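This briefing is meant to be read alongside the sequence and the coordinates. Please keep both in view while working through the topics below.

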Amino acid sequence: MNAGTAGNGPRHTVLRRPGARDGGFGEGDEALRVMERAAGVDEGKAGLTEGSAGQGEKPAQRPGVKPLYLGRKDRIAEAAEKAARRAFLADRVARLGIWSLSALALSVVALVIGVILWNGLGTALSPSFLFGKPEAMREGGGIWPMVVSSFYLAALTLLMVIPLGVGAAVYMSEFAGEGRLTRLVRFGADSLSAVPSVVFGIFGMVVFVIYLDLGYSLLAGALTLTLLNLPTVMRSAEEAVRSVPVSYREAALALGCTRWETVKRAVLPVAMPGITTGAILCVGRIVGESAAVIYTVGLFVRKVPWSPLRPAAPMAANIWHMYTEGALVPDWFRVASGEAAFLLLLVLTLNLAARWVAGAVRKRMGYRV
Amino acid sequence: MSSISREWLIKRILLVAAMVVVLGLAMVVYFMAKESLPAFREAGPANLFSATWSPRDGRYGMLVFLVGTLTTAAGGLLLGTPLALSLALFLTQVAPRRSRALFSRGVEILAGIPSIVLGWLGFTMLVPWIRKLSGSSGSGILAASIILAVMVIPTITAISKDALEAVPASYAQASLAVGATRWQTTWRVLLPAARPGILAAVILGLGRAVGETMAVAMVIGPASVFPTSLTTPTHTLTTKILMEMGESTGVQRSSLFAMGLVLLLLAMALVLLVRRVSGGPFKYGVVE
């Protein structure tokens, strides 16, 4: 709104301020308007402004409203003070809201960890449980084959996913320019990372278990999990590789290294902490994965599966087995709670280890990314 | 071998590694489509997308499960997003500077907790609570939404935190310099500036909620009918696939793959949406 249109319609006449008469809105009026608005003062009602009969007449008094026919400076001051008070209050309220909601969210984290560990840690850390043979129809069984299955599966998967992921990351950051191909790869990685794990599970069942005739086996599961984890590993490796300063590459190239030699001698060693962190976190995801494992690896075994072509039962899948077929194991609740606590402990440890390893390697190399 | 041809070979090998994701995606799409073909051919789309699941009578409708997936995911987002956003603001604006790293670690840990463990917690603690409070069976959309809220919090928090941190400091400085309070700065400057990132975060959270299987499976039911309330059993697409894949054959099995195909297309649609919203490739993968 400006002074030129001020007299054109009833709306504008109502909103017009005394100052409008003499030479349009000055800066003071503009500021007043802004402040009034900030203060939430309804310009028509609060008596801060006058009506169309502005010149000389007293404004009509309204019940409950302080008659305000103050000087302009006073009005500005009052509006500003009001705005400031409101803003201060809003700030306080918002801060309180953020604090309390965040406290709620963080206490959920604490609650989850606390309850799981409280219910199962005693079981999980007893050697007879961890290293014991599983029992059916009888109490007191252990989970040793499941523990081995989980780690075996993780090892097999890492063996495939790390070379693939790091290779892809190196290609994307060191060899490929921005083009149709890289866009395609990125789209593939984005989409693959969004595919629900149960879809990977039934895909692995069809392709690896049935079509390639691997049967329910660690290898079938590892192939499935390779595909599932590839985008994430690729992403963390690419981040690590890209964070290596360009000067390292330039130095190597200037010494006559080829591209690959540069990557091998200058880039990958420096990117190693990041890649290692990614790999350790990947182990956490593999041992925690169950939906993609149930139909590719198996749910329950009696003996330790030493061959990658044998069915196995990672802990995560075994918890599901206890939940669905619990009747076969009288103390299924104890077993599942123990496994859940052990898994959680494992993931927490891996999480800490990932940071620690990255820090240690970085320190030793005297290099900070 | 000369170093030129070795370079050439290595570049080709690395290219193959990069193409594995594309190939993998293509294979997943192909096999889902191929395996669900019999269902489309023999039962027909009208049957597949109807609301009745009763394989014995030749009814393979997935509508109940699709609705289950969407309602639980919406519930999870509804509960989780406010918590996650305030957590992101807390970690970037409000929390004492020294403790920010510690709290961030807490959120990261939540992201790393296996879904089966959260499901187990839901089954052993949450469902009995709801059962006691509501007098119903306890499992259902409410329990699933609460568990999903816990699962989407780390995703949404981490990505919105990144988005908030990416806003140039000068924006906030300018706003504070003209006398705006912290909250005014946050609400009028930071949040609008970070909006694309926050939107992407919420969509990615939705993706995680839609695809979650184990945690939901332990608290949702099971029942293959529309729930009559928030605390009566039902199913989602993922849990239905999980529960029945083991013991189904023929058209029934194929219709489970059709559900997988729907999930897959849903996930890819969300990916495209995120790219649209955030104007480029987003940070994919599990939040670390």
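Does Gly119(B) count as buried or exposed, and how many C-beta neighbours does Gly119(B) have inside 10 Å? In this predicted model, Gly119(B) has 29 C-beta neighbours inside 10 Å and therefore counts as buried, given that 20 or more are needed for that class.

**Surroundings of Gly119(B)**

- Gly119(B) is part of helix α5 of chain B, which spans residues 115–134.
- When neighbours within four places in sequence are left aside, the contacts of Gly119(B) are Ile147(B), Met214(B), Ala215(B), Ala217(B), Met218(B) and Val219(B).
- Val216(B) is 97 residues away from Gly119(B) in sequence, yet the C-alpha atoms of these two residues are 6.5 Å apart in space.

**Chain B as a whole**

- Chain B contains twelve helices and two strands, and from the N terminus its elements follow the order α-α-β-β-α-α-α-α-α-α-α-α-α-α.
- Taken along the principal axes, the C-alpha atoms of chain B fill a box of roughly 75 × 70 × 30 Å, and 53% of the 288 residues of the chain count as buried.
- Of the contacts in chain B between residues at least 6 apart in sequence, 74% join residues that are at least 24 apart.

**The largest nonpolar core**

- The largest nonpolar core has 195 residues, and those with the most contacts inside it are Ala168(A), Val199(A) and Leu343(A) from chain A, together with Val117(B), Ile147(B), Ile153(B) and Val219(B) from chain B.
- Helix α6(B) gives the largest share of this core, 17 residues.
- Ile153(B), not counting residues up to four places away in sequence, touches Ala105(A) in chain A as well as Gly80(B), Leu83(B), Ala84(B), Leu87(B) and Leu110(B) in chain B.

**Where chain A touches chain B**

- In total, 73 residues of chain A are in contact with 71 residues of chain B.
- Among the elements that give two or more residues to the side of chain A that touches chain B are α3 (72–124), α5 (144–175) and α13 (332–365) of chain A, and the largest share, 19 residues, comes from α3(A).
- By class, this side of chain A has 52 nonpolar, 14 polar and seven charged residues.

**Helix α3(A) against helix α5(B)**

- The axes of α3(A) and α5(B) come within 11 Å and cross at roughly 80°; the two helices are therefore roughly perpendicular to each other, since angles of 65 to 115 degrees are classed in this way.
- In this contact, Val112(A), Val115(A) and Ile116(A) of α3(A) meet Val117(B), Leu118(B), Leu121(B) and Met125(B) of α5(B), and by class the contact has seven nonpolar, no polar and no charged residues.

**The two faces of helix α8(B)**

- Helix α8 of chain B, residues 182–193, has Trp183(B), Thr185(B), Thr186(B) and Leu190(B) as its buried residues; seen down the axis of α8(B), these fall within an arc of 140°, so they line one face of the helix.
- The face of α8(B) that is turned away from the buried side carries the exposed residues Arg188(B) and Pro192(B).
- The cover over the buried residues of α8(B) includes α3 of chain A, along with α3 (63–94), α6 (141–166) and α7 (169–177) of chain B.

Technical notes:
Residues numbered from 1 in each chain as written. Chains lettered and ligands numbered in written order. Predicted model: local features only at pLDDT ≥ 70, side-chain atom pairs only at ≥ 80, totals over all residues. Contact = placed C-beta atoms within 7 Å. Helix = DSSP H or I, 4+ residues; strand = E, 2+ residues; numbered from the N terminus. Nonpolar A, V, L, I, M, F, W, Y, C, P; charged D, E, K, R; others polar. Buried ≥ 20, exposed ≤ 12 C-beta atoms within 10 Å, placed from the backbone. Arc of directions from axis to C-beta. Core = buried A, V, L, I, M, F, W, Y, C linked by C-beta atoms within 7 Å. Axes fitted to C-alpha atoms, helices over the stretch in contact; angles between N-to-C directions. Parallel < 35°, antiparallel > 145°, perpendicular 65-115°, else oblique.
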